[in-house]
Amino acid sequence: MSYFGDIYRGIKTLLTGMSVTGKYFLHSRKGAITQQYPDNRDTLKMFDRFRGEVVMPHNENNEHRCTGCQKCELACPNGSIEIIWDRQIDPESGKKKKMIDQHIYHLGMCTMCGLCIEACPTDAILWAQNFENSVYNRAYLTKVLNKPGSKLMPGVEE
Amino acid sequence: MNISLSITKNIHNWLFSIMPEGVASITEMVLIAVVYLAIFAVAGLYLVLLERRVAAWFQLRIGPNRVGYQGLLQTMADALKLVSKELTGTIKADKFLYNLAPYFVIVTSLMALALFPFTQEFQAFDINIGIFFLIAISSIGVIGILLGGWASNNKFAMIGAMRSGVQTISYELSVGLSLITMVLISGSLQLSEIVEVQKNGWLIVQGHVPAVIAFMIYMIAGTAETNRAPFDLVEAESELGAGFHTEYSGMKFAYFFLAEFINMFIIAAIATTIFFGGWLSPFGITESIPILGLFWFLGKTLVLIFLMMWFRWTFPRLRVDQLLTLEWKYLLPLNLLNIVLMALIVWLNLTIQF
Ligand code: SF4
Ligand code: SF4
């Protein structure tokens, strides 16, 4: 009879659901995802996919991978990236070449969409996982990503 | 003036020895009222805290743990905050009914609270029609909700209140019938006597199959009676704002809120008394220490409350039509069948007695 069948199935599915939540309840001690933030400030590590701000990593010789191609600037829907570049003589080949002067990033206008990072052909910019981004003056939110005196890592352009 | 108020005989006798009879019984009543109000407030607040912690654990969170040790003072602080808040209301509300509604809700749950035998001696009002009285009282509570929704002159509150009417009227039947099933086997309506009967095994054991069915139906209907998820159509945050108490603020809101939790306690306490032997310890292991009855009673009640919280954080909310289908097509016929089954079992002496 489907009437009693329904009741049986109903009870069975309810118990299945309760066993699932019951398991969660029992494991809540170990699996709690809440971070008690200011308390564990020293040990708190954000997960990899967290988007804190756009950074440009430099290696130990103060070299970065940005060629100044401006693709990130074009990709950004908010205009938060400005590339200042000029043509200089490349010391190795002796030819004139487009070189980056400043990679300016306005954190205050960034929506963390990640389009710039996807657009970059040389993976010069990445997400950082820092989250304490508040400052007392909004001028501090405008950052120059390439460090002063840095230059292009050799071999990136090939 | 000789209502059977049977909280600890000693205090009773002591009061009557130092005062004239009339004064003594009035003093006793006031004392009992104060004690029960205190129980009401403390139990309500700590149930709210329990609910929040349990909910957090179900959702892999931590829950309130800042105010006091492990958040033990959190709900006290919340109550203080609510007391200090402004009491707002709508201009076109029916002021009298609007202000009356919270008291209806709270008074009914207080009245129901008075009936429970917490231990052998600690029971304020041992009336001989106990269960009947409980069922009757618990249906008055819905008037408070209806009034609150109606008088606030707010369409969401109104819809919430009407849903509550539908729900409570339907599910009252199931609560009543499942309790009647158990009355068949206990043979008494008086709560203290029902507990007495269970000295030969808790009723859920004595009545085995029909008792378990009755217990399941009672728990479902009881959850619906308290308007808790999955039957929280009355409040349905996602649909109706806060349902019938949308327009209440401050302490009046807190009354509704507390009453909801006390009602949960009452439903669990009824189930404890009727199905799980009230203050009796399992197999009579602590029979020699009567005060431990309180521990057993509260322990069993808390387990049942936990069960209701488990329901709440597991099941999704029902639609109104599903709610009525569940009651009228499933619970009610099953309940009627179950009564017949129970009657047969009692008649043929198939109960399990120790
Ligand atoms: S993350 Fe999006 S908004 Fe931010 S700089 Fe990159 S492209 Fe612009
Ligand atoms: S960061 Fe990447 S996309 Fe932007 S200018 Fe440099 S190389 Fe081009």
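Predicted model: local features only at pLDDT ≥ 70, side-chain atom pairs only at ≥ 80, totals over all residues.
**Entry 1: chain A, its elements.** I began with chain A and found three helices and seven strands. Reading along its sequence, I wrote down the pattern α-β-β-α-β-β-α-β-β-β.

**Entry 2: chain A, its spread.** Next I wondered why chain A counts as more spread out than a compact globule. Its radius of gyration is 25 Å, while the globule rule gives 15 Å for 158 residues, so chain A is well over that value. I also looked up the box that its C-alpha atoms fill, and it is roughly 90 × 40 × 30 Å along the principal axes. Of the 158 residues, 32% count as buried. I then turned to contacts in chain A between residues at least 6 apart in sequence, and 72% of these join residues at least 24 apart.

**Entry 3: where the chains meet.** The area buried between them is about 1800 Å², and carbon and sulfur atoms give 70% of it. On the chain B side, W57(B), L60(B) and Y330(B) lose the most area to chain A, together 33% of what that side buries.

**Entry 4: charged and polar links.** I found one salt bridge across the interface. It joins the side chains of R66(B) and D39(A), at 3.1 Å from N to O. Six residue pairs are in polar contact across the interface.

Conventions
Residues numbered from 1 in each chain as written. Chains lettered and ligands numbered in written order. Heavy atoms only, no water. Buried area = accessible area lost by both parts, 1.4 Å probe. Salt bridge = Lys/Arg side-chain N within 4 Å of Asp/Glu carboxyl O. Polar contact = N/O pair within 3.5 Å; in protein donor to acceptor, adjacent residues only side chain to side chain. Helix = DSSP H or I, 4+ residues; strand = E, 2+ residues; numbered from the N terminus. Rg over C-alpha atoms; globule rule 2.2 N^0.38 Å. Buried < 20%, exposed > 50% of the residue type's maximum accessible area, 1.4 Å probe, protein only. Contact = heavy atoms within 4.5 Å.
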